[in-house]
Amino acid sequence: MNQKNQTTYKIALTGLIAALSYVVFTFLQVKIMIPGTESATSIHLGNAVCVLGALLLGGPLGGIGGAVGMTIGDLLDPVYITSAPKTFILKLCIGLVTGTAAHRLGKLSVCKDARAAFRRSLTAAICGLGFNMVFDPLFSYCYKLVILGKPIAELTLLPNITTTTINAVTSTVVSVAAYNALRPALKKAGLFPVVGRSIHKQPHDHNKSAA
């Protein structure tokens, strides 16, 4: 696949990640209303799609796909609409952290050993979702403190910590399993996206005479 087709393909996959994250978050979530408030938290696998996108496409594209899909889900739900800006920022960060660990540090897309690819994808997913597990409740608390006041922020903190932890664990398992199942199939079909510089570099002409 040439560079132009690779770029088009990655953009198409980003749109697919956005659509899939919206569907998974909106229709497969378990919404939990928090007593004494009009707020809710949820158990869902939207973050798994975001991580999968970052593992396949890199942090920026995977993060944008997941962030756009789940932000649209928030905007279309009256319960979550005030959380839409927070969702966009945090899901984008999940993608960026996962992508950095997977591709900048782990060189995942050019890794040829299946076991090493599994370890690197697992490490990257843990980094991205671990980040979210810490910063989602913290960000949510500060956000609600400013928007809705301290009583609501305190009432929602523990439920948010609980569901975020559950989501982190389940999304790690699902995203890593999905990536490592898709990886050989996409490679066989010639559709596996290479993140970063092409591995087919032009050799430097070391014999070129000095001017």
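These legends describe close-up views of a predicted model. Local features are reported at pLDDT of at least 70 and side-chain atom pairs at pLDDT 80 or more, while totals for chains, interfaces and linings use all residues. Residues are numbered from 1 along each chain as its sequence is written, and side-chain values use heavy atoms, leaving out hydrogens and water.

**View 1. A nonpolar surface patch.** Ile64, Val68, Ile72, Leu75, Leu76, Ile81, Phe88 and Ile89 make a nonpolar surface patch of about 660 Å². Patch residues have over 30% relative accessible area and no salt bridge, with nonpolar side chains (Val, Leu, Ile, Met, Phe, Trp, Tyr) joined within 5 Å and like charges within 9 Å. Accessible areas come from the Shrake-Rupley method with a 1.4 Å probe; for residues, only the protein chains shown count as cover. The elements giving two or more residues to the patch are α3 (59-75) and α4 (84-105), and α3 gives the most, with four. Helices (H or I, at least four residues) and strands (E, at least two) are DSSP runs, numbered from the N terminus. Isoleucine 89 lies in helix α4 and is partly exposed, at a relative accessible area of 41%. Buried means under 20% relative accessible area, exposed over 50%, and partly exposed in between (1.4 Å probe, protein chains only).

**View 2. The packing of α2 and α3.** Helix α2 (residues 46-57) packs with α3 at an angle of about 155°, the axes being 6 Å apart. Axes are lines fitted to C-alpha atoms, for helices over the stretch in contact, and angles run from 0 to 180 degrees between N-to-C directions. The two helices are therefore roughly antiparallel, a term for angles over 145 degrees.

**View 3. A salt bridge between aspartate 77 and lysine 31.** The side chains of these two residues meet at 2.6 Å, N to O. A salt bridge is a side-chain nitrogen of Lys or Arg within 4 Å of a carboxyl oxygen of Asp or Glu. The pair links distant parts of the chain, 46 residues apart: aspartate 77 is in the loop between α3 and α4, and lysine 31 is in strand β1 (residues 30-33). Aspartate 77 counts as buried because its relative accessibility is 14%, whereas lysine 31, at 36%, counts as partly exposed.

**View 4. A salt bridge between aspartate 136 and lysine 91.** The closest N and O atoms of this pair are 3.8 Å apart. Aspartate 136 in helix α5 (residues 114-147) and lysine 91 in helix α4 are 45 residues apart. Both residues are buried.

Key: Angles under 35 degrees count as roughly parallel, over 145 as roughly antiparallel, 65 to 115 as roughly perpendicular and the rest as oblique.
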